[in-house]
Amino acid sequence: RRIKGEVVLKDVTFGYVPGKTVLKRINVTAKPGQKIAFVGSTGAGKTTITNLINRFYEIEEGEIYIDGINIRRIKKDSLRSNIAMVLQDTHLFSGTVRENIRYGRLDATDEEVVAAAKIACAHSFIERLPEGYDTVLEGDGANLSQGERQLLNIARAAISKAPILILDEATSSVDTRTEKYIERGMDRLMKNRTTFVIAHRLSTVRNADLIIVLEHGEIIEQGTHEELLDLGGRYYQLYTG
Ligand code: DGT
Ligand code: MG
């Protein structure tokens, strides 16, 4: 049974430690292929929501469903292979650049690896490495810049066929010029996938199907970019601030 990518959070309440609630009664419905953006101040709970969709933590109250199936009943392996992610803290292992991009898609051909790197605007810097795609990365990519590590993570997401994509400040360490350049690649990455995007730079979320504004773990506003600007509330403040 193929995952289509509908994600539903129903009355999700969560805290990392007892007595300190981080998310309060969160309700979100993402239809297959939709782009949902989470915005809000530091500590509002944006990353925590994606941590729960990934099932990095167990929910105390409420439920999360993917295509109608409670994620508690989805095997972790299956969840891993159906959710691609690019996070602020990059995850690379000691191995070649090629292996790092192919991670999770071991059947991918060399051509697919290069195509994914091109989508991520990583091809040119990879070609400049001593051994190109066969360059061995030190643990966690210590021999790369933070921005280069993010581009490799984007390439990994691009080669993945996962129907669900999580982008948490995915291009935060990339310079403005590369970020501009990568925009089309990011659009290709999101195409036909349910995407949850978190970005401080609001220009990257304005075309989302739904923007959810969080404050202290609660949804305080939601709508499209235009709707939220018309509302003249918190999003408007963030946007014009
Ligand atoms: P950001 O990334 O700075 O824009 O902030 P958010 O919105 O991603 O915030 P988030 O979800 O990382 O944190 C929400 C709250 O949860 C904040 O008070 C810190 C707390 N928190 C986050 N991660 C952990 C964790 O691993 N352990 C504990 N005990 N608390 C955490
Ligand atoms: Mg965060």
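**Notes on the predicted model**

1. Aspartate 110 is partly exposed, with a relative accessible area of 39%. The model is a predicted one, and in it arginine 98 forms a salt bridge with aspartate 110, the closest N and O atoms being 3.4 Å apart. Arginine 98 lies in helix H3 (residues 97-102) and aspartate 110 in helix H4 (residues 110-119), so the pair ties together parts that are twelve residues apart in sequence. Arginine 98, for its part, is buried, with a relative accessible area of 17%, and a network of salt bridges links Arg98, Asp110 and Asp134.

2. The structure holds eleven salt bridges, and one of them, between the side chains of lysine 24 and glutamate 218, has an N to O distance of 3.9 Å. Since the cut-off for a salt bridge is 4 Å, the value of 3.9 Å for this pair deserves a look. Lysine 24 lies in strand E2 and glutamate 218 in strand E12 (residues 218-223), so the pair ties together parts that are 194 residues apart in sequence. Lysine 24 is partly exposed at 32% relative accessibility, and glutamate 218 is partly exposed at 38%.

3. Which residue forms a salt bridge with glutamate 179? The partner is arginine 201, and the closest N and O atoms of the two are 2.1 Å apart, a value that a reader may wish to inspect in the coordinates. Glutamate 179 lies in helix H7 and arginine 201 in the loop between E10 and strand E11 (210-215), so the pair ties together parts that are 22 residues apart in sequence. Glutamate 179 is buried, with a relative accessible area of 10%, whereas arginine 201 is partly exposed at 43%. When neighbours within four places in sequence are left aside, glutamate 179 is in contact with Thr171, Val174 and Arg201.

4. Four strands form an open sheet in the order E2-E1-E4-E5, with antiparallel pairing. Strand E2 (23-30) and strand E5 (69-70) stand at the edges with a single partner strand each, so one side of each is left without a neighbour in the sheet. Within this sheet, strand E1 (residues 7-14) is joined to E4 by five bridges, and lysine 10 has glutamate 63 in E4 as its bridge partner.

5. Helix H1 lies across E1, E2 and E4, running at about 115° to E1. Seven of the eight residues of H1 are buried, so the helix is largely enclosed by the rest of the structure; among these buried residues are Ile49, Leu52 and Ile53. Arginine 55, which follows H1, has a positive phi, near 55°.

6. Tyrosine 57 belongs to the loop between helix H1 (46-53) and strand E4 (61-66), and is partly exposed, with a relative accessible area of 36%. Together with Tyr16, Val17 and Phe56, Tyr57 makes a nonpolar surface patch of about 370 Å².

7. Strand E9 (residues 164-168) is mostly covered, five of its five residues being buried. Ile164, Ile166 and Asp168 point one way from the strand, while Leu165 and Leu167 point the other way. Four bridges join E9 in parallel to strand E6 (residues 83-86), where alanine 84 stands opposite leucine 165. Five bridges join E9, also in parallel, to strand E10 (residues 194-198), and there leucine 167 stands opposite valine 197.

Conventions: Residues are numbered from 1 along each chain as its sequence is written. Chains are lettered from A and ligands numbered from 1 in the order in which they are written. This is a predicted model: local features need pLDDT of at least 70, side-chain atom pairs count only at pLDDT 80 or more; totals for chains, interfaces and linings use all residues. Side-chain values use heavy atoms; hydrogens and water are left out. Patches are made of residues with over 30% relative accessible area and no salt bridge: like charges are joined within 9 Å, nonpolar side chains (Val, Leu, Ile, Met, Phe, Trp, Tyr) within 5 Å. Accessible areas come from the Shrake-Rupley method with a 1.4 Å probe; for residues, only the protein chains shown count as cover. Helices (H or I, at least four residues) and strands (E, at least two) are DSSP runs, numbered from the N terminus. Buried means under 20% relative accessible area, exposed over 50%, partly exposed in between (1.4 Å probe, protein chains only). Two strands pair if DSSP finds at least two bridges between them. Contact means heavy atoms within 4.5 Å. Axes are lines fitted to C-alpha atoms, for helices over the stretch in contact, and angles run from 0 to 180 degrees between N-to-C directions.
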